[in-house]
Amino acid sequence: MRLRHPRLTVFHAAGLLLAAGAALPAQQARNVSNSGSAPTSATTARADNKRAMTIADIAKWRSIRDVSISDDGVWAVYGYQQRRVDDTLFVKNLGSGAVQAVPRATRAQFSDDSKWVAFFVAAAGANNRDAAAGPDGAPAPSGPARLELRNLATNATVSWENVASFAFSTGSRALMVRKARPGAGPDAAAGRGGRGGGGGAAPSGATPAQTQGGRGGAPAPAVAGTDMILHHLTDGVDELIGSVTAAEFNKAGTSLAYTVSTTERDGNGLYLVSMQDWQRRTLDNVRADYSRLTWDESGTALAALRGMERRGFTEKENAIVAFVGVDGAEPAGYVLERKQLAGLPDSMVVSEKGTLSWSADHSKLFVGLKAQEARPTQRRDTTQAVEPVGNVDIWHWKDPYIQSVQMVRAQQDRNRTFTATILLAQKKVVPLADDKMDRVQVTKDGAWAIGQDDKAYIDDSAPQMSDVYRVNTSTGERTPVLKSQQRTLGFSPDSKYFLYWKDKQIWAYDLAGNTQVNLTAKAPVSFVDVEDDHTGEKPAYGVAGFTKDGKSVVLDHRHDLWLVPLDGMGAPRNLTNGVGSKNEIRFRYLPMNDEDATPAFGGGGRGGRGGGAATIDLSKPIVLTAFGTKTKKAGFYQLDGDKLNPLVYEDRYFGRPIKAKNADRVLVTRETYVDFPDYWVTNSRFADPQRLTLANPQQSEFKWGHRVLIDYKDKDGHPLQGTLAVPDDYQPGQRLPMLVYYYEKLSDQQNRYEVPRYASAPQYVDYVSNGYLVLLPDIYLHTGHTHTDHLNSVEAAVKRTIDLGYTDPKRVGLHGGSFSGQGGAYISTTSKMFAAIAIRAAAVDLVADFNQLWKTTGTNQHNYDINGQGRFGTNPFDNLALFMDQSALFHAKDMNTPLLILQGTNDGSTEWLQGVEFYNALRFLKKPVIFLSYEGEGHGFTRYDNQYDVEVRMHQFYDHYLKGMPEADWIANGVPFIKKKTPTGAAAQPVQLMGGGAGIGTPMSGGGAGGGGNPPSGPPNP
């Protein structure tokens, strides 16, 4: 089928019905604000001789990326990125101040001896375009890239073309350079892994399972490998190693392991290179495919899978290839073919689609088992009559997951594996997970696992529950631990304890002793998050980490940190001495070193290894972040024993510090509403900061503003705050037009800088520059009357700004998107306070929305409305009156405020037809409404031309109704479809259909360039 180009469609209540379109995956869930709004500091700046921003000026703003500091603290790198302009990387000597600019360079990494820096250099003009965003929000790489290695002392460089990824070895003996496949660009994360990372590029067309690694992320080879260069940093020698599918340094940097795969499987094998003498040795070499290359944590044990496809079956038959003591002369080797593995079910194989990892004592490997299935036989007799098979999906009320969820998860389900232990000495397989209990997390030491069985609790609308079991990884024995458990908090780093939240308390389960203890029963405070306003069980504030001696856990409270013994015997102690609660300062632990910053309670997934929490050494001073929950000040404190001392605490916001590993030098961002979050060079006490970056000097050309923090109460007396942006040329007594945006609680944005960008929401700094006030208020939410709460809180905040003398009560506008969009729609029908309202991606008919789908996930809205962000606590079948009362649609007759509706036709979170339904109702009632429908856009718009169009039209809309400027013709008369301009740039690119779920929910697919929305003549192109 030929896909139509994306188009903007304008529906005007007084004009014609214009076109609509097909689909692009939604980018945000409904509970994520896509406004880009960022409140400000109270610092003022003179607006003399400055001009107001225009929409075109937004393109001048640059972001900062690729920031890093060398381990010795002498060098820093940072890059500037700007829309439609090639990136530039800067390498700066922090001692001398000398700076080198490298055009088109990105993703720099230092060697750990601080003598080298490597980075990619793109072809000229490669970034001067609109590209799809990568994992870090920057345009994803495409096309060939050059890798450049620079000697920091001499500035001498060496480079390699067509590179996919690179990594330095620990100890800086070598640089590994992986070449890209022909026509492919660099890996999205190339050069970003730690020293020792480097699984390399995924094969073109690889499935997610093929790109999942063990410890090093090595992909399963789907085709022959590519060239790898091993560059000797000491003498500059390059070794070429061909047909490499995966390669990784061990943690110590003493060895490099790699696997080889050729088209004919000649020379396939597992190989090892010593970084001391550059000697290579063959660990295993047969005509088979090698995958899942995995080092252990110590770097002395190495494993991989090797296998071949079995004729007539879908899965490879893999053998285990493992070596212990590879740092010695004679490593112990294990090659375990299927027939040698006792306990492996006949119907299962060891799969390269699962993970591979080591136990700490090297006695076990953890693998993924997968069911072997016969491949369907090809029909050879073409004369044989075959009964036709219809393309039908059967949605049955007994399905555990509805069909749309099954569609979205189909590839994941096809590649699902079940964790099992391989006991190497015994040559035995011990299954740990199965169809009933498929979620297993293994402790760091590999002795135990925690399994979760949720089969009895699968429900569209209920919280996710599961039965929890302890699993002995040596025997597979399962011991029941918890029934109907909702929240777990993960393992302690020493693998002794498993923490969970139950009955408003934090509990520790002793894995070896099979005992449980209530850790917080003796605490004089509750650890329930009282600020959480959702229905159901309230969560805990969280776990900061575990003490280095393994005896205690550090828990977050609302403001303070508490030290709690893991044996439950001693009394919990307030680590921050109540300073946080007394002064309403929220303290949180900040790891300043990489080794302390282990992700807390992550990982595992279905059959993965469990993550560990941060380790906190209380025998040494530690750094805490500090945030004033009422004042909005921020900074850092030092906790040294019982002494809590401020390091810096100001009316600004600080980013996460980046510390040099071997020096007391730190990079950190500092920002206010006025000050862009540039990086500054300081020390671990945050003293005497010196500017490193100046990303946006052009800001000085424009009128700007400052922030005022306001306090107010809703009609029920709940104390709330808001942040009000005020133009710098504001004169006392002036009453200005004001634009309001809200999304739950935004007053914490008081000291945040708003980076102007093209998006699907107003750029509020632009409005302030043009003489508007911009208010971001908090809202208080009860259970049930969510949109009434929006109305009450927003009106109270607006009234407060009027009482303070800032706001012209006749010139107040409102914008809402997603969650606040549906509240904004409700406000448009129930409030007389606003002169104009714009809403994006708004659910206006909650009765219909309850049974519609999140097309990105396939789930319905039941849990969202009842227990999630909707907060209704019930359903329309039990309380239809509530859902109708809170729906803007059923109050449409009362709406008289000029309304602008924005919606993407392929919104994956809010059904496009919700926008159409509201437009049609208001049109029928002769109400002032315009519907801007953007073809192919999702929940948040991603295409530059559409984003630009949004900014222009919203400005025209608000400028007319709030400032009395002339009415744009499209506002007055609409735009007939036959006079619509041809889309340009990204907006003219073919629309992509949604998701991995068979294109579910594409509302208006089909239709050619002349477009009439005809039914598609065939299946959509992938």
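How are helices H5 and H6 oriented to each other: roughly parallel or roughly perpendicular? Their axes cross at roughly 75°, and angles of 65 to 115 degrees count as roughly perpendicular, so H5 and H6 are roughly perpendicular to each other. Please keep in mind that this is a predicted model. Here is a friendly tour, from the whole chain down to single residues.

**The chain overall**
- The protein chain contains 12 helices and 55 strands.
- Of its 1022 residues, 56% are buried.
- Among contacts with a separation of 6 or more, 61% join residues 24 or more positions apart.

**Where H5 meets H6**
- Two packed helices are described by the angle between their axes and the distance between the axes.
- Helix H5 covers residues 786-803 and helix H6 covers residues 819-830, and their axes come within 9 Å.
- On the H5 side, the contact is made by Thr786, His787, Thr788, His790, Leu791 and Val794.
- H6 contributes Phe819, Gln822, Gly823, Tyr826, Ile827 and Thr830.
- By residue class, this contact has 5 nonpolar and 7 polar residues, with no charged ones.

**Helix H10**
- Helix H10 runs over residues 912-924, and its 13 residues should span 18 Å at 1.5 Å a residue.
- The end C-alpha atoms of H10 are 19 Å apart, which agrees with that expectation.
- The buried residues of H10 are Trp912, Gln914, Gly915, Val916, Phe918, Tyr919, Ala921 and Leu922.
- After H10 comes lysine 926, which has a positive phi, near 60°.

**Threonine 226**
- Threonine 226 sits in strand E12, which spans residues 226-232.
- Its relative accessibility is 9%; because buried means under 20%, threonine 226 counts as buried.
- Leaving aside neighbours within four places in sequence, threonine 226 is in contact with Arg178, Lys179, Ala180 and Arg181, and also with Ile241, Gly242, Ser243 and Val244.

**Glycine 343**
- Glycine 343 lies in the loop between strand E20 (332-336) and strand E21 (348-351).
- With 49% relative accessibility, glycine 343 counts as partly exposed.
- Although glycine 343 and lysine 428 are 85 residues apart along the chain, their C-alpha atoms are separated by 5.8 Å.
- Setting aside neighbours within four places in sequence, glycine 343 is in contact with Val429 and Pro431.

How values were computed: Residues are numbered from 1 along each chain as its sequence is written. This is a predicted model: local features need pLDDT of at least 70, side-chain atom pairs count only at pLDDT 80 or more; totals for chains, interfaces and linings use all residues. Side-chain values use heavy atoms; hydrogens and water are left out. Helices (H or I, at least four residues) and strands (E, at least two) are DSSP runs, numbered from the N terminus. Buried means under 20% relative accessible area, exposed over 50%, partly exposed in between (1.4 Å probe, protein chains only). Contact means heavy atoms within 4.5 Å. Axes are lines fitted to C-alpha atoms, for helices over the stretch in contact, and angles run from 0 to 180 degrees between N-to-C directions. Angles under 35 degrees count as roughly parallel, over 145 as roughly antiparallel, 65 to 115 as roughly perpendicular and the rest as oblique. Ala, Val, Leu, Ile, Met, Phe, Trp, Tyr, Cys and Pro count as nonpolar, Asp, Glu, Lys and Arg as charged, and the others, Gly among them, as polar. The expected span of a helix is 1.5 Å times one less than its number of residues.
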